[in-house]
Amino acid sequence: MYLTCLGNAILLCDADTGKTVAVLDTKYKAPEQAGYTDIHQMISYANTTKCKQAFLIYPKDLTQPLNIKSNEIRVRSLTFSLDDNLDRAGQTFFS
């Protein structure tokens with residue numbers, strides 16, 4: 001796997017095929033739930049890259065975590081905390 005960019009989004013790509021496996025986008029806000037514009041943006045990114053997985057990454061846990069499916073595209077929320085040591089936050093994020 002390797003990472004590349006599409007605008008502000010991060011693409012997780014298969015090293016053998018070059019195909020996008022997932023699209024990720026960081027949001028530097030802490031809403032209670034994901035906004036419709038953010039969700040639609042991720043669906044658009046996923047359609048553009050022809051992948052089926054999209055993740056919105058927030059600095060705090062959402063009160064209402066996101067896990068929806070629109071047609072064939074699954075959109076979920078993840079948390080990467082900015083409140084702690086960033087190395088530890090990265091280890092927590094990837095575990």
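Select Asn71 in the loop between β5 (67-70) and β6; helices (H or I, at least four residues) and strands (E, at least two) are DSSP runs, numbered from the N terminus. This is a predicted model, where local features need pLDDT of at least 70, side-chain atom pairs count only at pLDDT 80 or more, and totals for chains, interfaces and linings use all residues. Residues are numbered from 1 along each chain as its sequence is written, and side-chain values use heavy atoms, with hydrogens and water left out.

Asn71 is not a glycine, yet its phi is positive, about 55 degrees. Asn71 counts as exposed because its relative accessibility is 73% (buried means under 20% relative accessible area, exposed over 50%, partly exposed in between; 1.4 Å probe, protein chains only).

Next, select Lys50, in the loop between α1 (36-49) and β4 (53-58). Lys50 is another residue other than glycine with a positive phi, here near 60 degrees. With 71% relative accessibility, Lys50 is classed as exposed.

A disulfide is a pair of cysteine sulfur atoms within 2.5 Å, and the whole structure has zero disulfides. Cys13 is buried at 2% relative accessibility, and Cys51 is buried with a relative accessible area of 4%.

Finally, select Leu82, in the loop between β6 (73-79) and α2 (86-94). Leu82 counts as partly exposed, at 44% relative accessibility.
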